[in-house]
Amino acid sequence: TVVVHRIDGLYALDPAAGAAGHYRKLLASSREEPIFAWTEAHAIGAQGSGGPGGEWAATARRLYRLRPGQKPAEFPAPPGAAVSNLLETRDGRLHAFSQDGLFVWERERWRRIYHSERITREAIRTILEDRTGAIWLGLNGAVVRVAEQQGTVLDLTRWIRKDDTVQSLLE
């Protein structure tokens, strides 16, 4: 199944149905509450999410866990600005990035694990978890590695020109 993000919501497309296709609406989007970001959920499931698989979607006020055949589960969005990117790490923790920083969902609340005045003005373009569990943020004019377990942040911005936009990261 392929998830398609359209202006009016998220849809699941079954490619086995051929050219005719079969769309199933996962979550509606509206002008009042557009979907800003979404990501696939790992098979192990996120902490407190109640099970494996599905997708995560973010609007300005809420996050949704979407699973086939189930009503979307709602979670509060992190405080502050709208979420621009989501990542569920291999250990099942959900991370959300906004202009107010990088947050992790744990024990039924959001905890900010990274914040920088310079970075918050830049939109995150891509987010990656490396083999060690560190999270890499690709932004306008910056690359940052956040290794929460080691309590370190590595700012690699000096390797990027200020006017460059990091489009993707790949390990």
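Rings of Phe, Tyr and Trp (its six-membered ring) pair if their centres lie within 6.5 Å, and planes under 30 degrees apart count as stacked, over 60 as edge-to-face and the rest as tilted.

**View 1. An aromatic cluster in the predicted model.** Trp 56, Phe 75, Trp 105 and Trp 110 form one aromatic cluster, and the count of aromatic pairs under this rule comes to three. The structure is a predicted model, in which local features need pLDDT of at least 70 and side-chain atom pairs count only at pLDDT 80 or more, while totals for chains, interfaces and linings use all residues. Residues are numbered from 1 along each chain as its sequence is written, and side-chain values use heavy atoms, with hydrogens and water left out.

**View 2. The whole protein and the confidence of its parts.** The protein contains one helix and 15 strands, where helices (H or I, at least four residues) and strands (E, at least two) are DSSP runs numbered from the N terminus. Its average pLDDT, the predictor's confidence in each residue from 0 to 100, is 74, and 73% of the residues score at least 70. Where pLDDT is low, the predicted coordinates should not be read in detail.

View 3. The side chains of Glu 74 and Arg 62 meet in a salt bridge at 3.0 Å, N to O, the term being used for a side-chain nitrogen of Lys or Arg within 4 Å of a carboxyl oxygen of Asp or Glu. Because Glu 74 lies in strand β7 (residues 73–76) and Arg 62 in strand β6 (residues 62–66), the pair ties together parts that are twelve residues apart in sequence. Glu 74 is exposed, with a relative accessible area of 53%, whereas Arg 62 is partly exposed at 26%; buried means under 20% relative accessible area, exposed over 50%, and partly exposed in between (1.4 Å probe, protein chains only).

**View 4. A network of salt bridges.** A search of the whole structure finds six salt bridges, among them the one between Arg 111 and Glu 106, at 2.4 Å from N to O. Salt bridges that share partners join Asp 91, Arg 93, Glu 106 and Arg 111 into one network. Glu 106 counts as buried at 9% relative accessibility, as does Arg 93 at 12%, while Asp 91 is partly exposed at 44% and Arg 111 is partly exposed at 26%.

**View 5. Strand β9 and the strands paired with it.** Five of the five residues of strand β9 (residues 94–98) are buried, so this strand is largely enclosed by the rest of the structure. Leu 94, Ala 96 and Ser 98 point one way from β9, and His 95 and Phe 97 point the other way. Strand β8 (residues 85–88) runs antiparallel to β9 and is joined to it by four bridges, two strands being paired if DSSP finds at least two bridges between them. Asn 85 has Phe 97 in β9 as its bridge partner, and the hairpin of β8 and β9 has five residues between the strands, with Gly 92 in the turn showing a positive phi of about 90 degrees. Four bridges also join β9 to the antiparallel strand β10 (residues 101–106), where Phe 103 is the bridge partner of Ala 96, and the hairpin of β9 and β10 has two residues between its strands.
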